[in-house]
Amino acid sequence: MNNSIHTFHIPVMGLAYTIDTPIKVARFGISSVMSIIEDNLVEKMREHYYRLRGEAYHPISAREPDYRAKRITDYLNLVHRIVDEQLAVLREEPFIEGSEIMKYFEMMPSHHRLHQLFQTMMHCTDNAKRQRLDHYLRAQVVPGSIDVNIMTKLDKVKYRNNEKLSNEFNDAHAALRGYAQSNLRS
């Protein structure tokens with residue numbers, strides 16, 4: 001469910017193409033769907049973004065119980081944290097040419113109410129009115145929805161130490177569990 005009334009959707013497909021799309025576009029109010037079904041890719045992306053951010057990366061081994069759900073939860077929480085940080089920075093930027101807050105409003109359709117208020121603010125010569133519009137527009141900046149594709153037909157039986165695991169450990173259920181335990185508000 002998308003709580004924002006002014007986000008936009010980008011249809012992008014493929015596992016590797018969607019895995020970090022929210023990090024690239026969510027701060028601009030653009031919604032996206034990322035595939036979280038390939039847990040090895042999720043683990044590689046966890047490593048990439050932790051290292052890129054200079055944070056300690058702790059691998060989640062495929063030998064750990066419920067490793068798939070743990071990898072997915074941690075990655076989704078990382079994506080959520082990155083997008084929240086990007087949004088906080090964007091909200092503090094000045095309204096100057098080339099800034100991301102300018103891009104946020106410039107990319108909106110011209111008929112959108114917030115785009116129109118943005119245009120009014122940019123052409124306003126009354127400092128008090130411009131300041132009120134500036135404050136209001138910054139408060140309206142919201143990220144695009146970060147949704148996930150779990151691919152529910154992944155019901156292959158899983159084994160641990162040659163022992164059949166219950167259905168809750170198949171790929172789809174583990175992905176759903178990982179998503180449900182994350183901090184995403186999608």
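The legends below accompany close-up views of a predicted model.

**Figure 1. Overview of the chain and its secondary structure.** The predicted chain contains 8 helices and 5 strands. Read from the N terminus, the order of its elements is β-α-α-β-α-α-α-α-α-β-β-β-α. Of the 186 residues in the chain, 42% are buried. Among contacts with a separation of 6 or more, 64% join residues 24 or more positions apart.

Figure 2. The chain has a mean pLDDT of 86, and 81% of its residues reach 70 or more. Residues 1-5 stay under 50 in pLDDT, and the model gives them 7 contacts beyond four places in sequence. Residues 7-13 also have pLDDT below 50, and this stretch has 21 contacts in the model beyond near neighbours in sequence. Where pLDDT is low, the predicted coordinates should not be read in detail.

**Figure 3. Packing of helix α3 against helix α4.** Two packed helices are described by the angle between their axes and the distance between the axes. For α3 (residues 39-52) and α4 (residues 67-92), the angle is about 40 degrees and the axes lie 9 Å apart. At that angle, α3 is oblique to α4. The crossing of the two helices is left-handed. From α3, the contact involves Asp39, Asn40, Val42, Glu43, Met45, Arg46, Tyr49 and Tyr50. Their partners in α4 are Tyr67, Arg68, Arg71, Ile72, Asp74, Tyr75, Leu78, Arg81 and Ile82. By class, the residues of this contact comprise 9 nonpolar, 1 polar and 7 charged.

Figure 4. Arg46 belongs to helix α3. The relative accessible area of Arg46 is 3%, and since a residue counts as buried under 20%, Arg46 is buried. Beyond its neighbours within four places in sequence, Arg46 contacts Tyr57, His58, Pro59 and Ile60, as well as Arg71, Asp74, Tyr75 and Leu78.

**Figure 5. Backbone at Asp66.** Asp66 lies in the loop between α3 and α4. Most residues other than glycine have a negative phi, and most peptide bonds are trans. Asp66 is not a glycine, yet its phi is positive, at about 55 degrees. With a relative accessible area of 21%, Asp66 is partly exposed.

Figure 6. Met107 is located in the loop between α5 (100-106) and α6 (113-122). A relative accessibility of 45% places Met107 in the partly exposed class. Apart from neighbours within four places in sequence, Met107 is in contact with Phe28 and Ile30. Its C-alpha atom is separated by 9.4 Å from that of Gly29, although Met107 and Gly29 are 78 residues apart along the chain.

**Figure 7. Packing of helix α6 against helix α7.** The axes of α6 and α7 (residues 127-140) come within 9 Å and cross at roughly 150 degrees. Because an angle over 145 counts as roughly antiparallel, α6 and α7 are roughly antiparallel to each other. The crossing of α6 with α7 is left-handed. On the α6 side, the contact is formed by Arg113, Leu114, Leu117, Phe118, Thr120, Met121 and Met122. On the α7 side, Lys129, Arg130, Leu133, Asp134, Tyr136, Leu137 and Gln140 take part. The residues of this contact comprise 8 nonpolar, 2 polar and 4 charged.

Technical notes:
Residues numbered from 1 in each chain as written. Predicted model: local features only at pLDDT ≥ 70, side-chain atom pairs only at ≥ 80, totals over all residues. Heavy atoms only, no water. Axes fitted to C-alpha atoms, helices over the stretch in contact; angles between N-to-C directions. Helix = DSSP H or I, 4+ residues; strand = E, 2+ residues; numbered from the N terminus. Parallel < 35°, antiparallel > 145°, perpendicular 65-115°, else oblique. Left-handed = near helix turned anticlockwise from the far one by under 90°. Contact = heavy atoms within 4.5 Å. Nonpolar A, V, L, I, M, F, W, Y, C, P; charged D, E, K, R; others polar. Buried < 20%, exposed > 50% of the residue type's maximum accessible area, 1.4 Å probe, protein only. pLDDT = per-residue confidence, 0-100.
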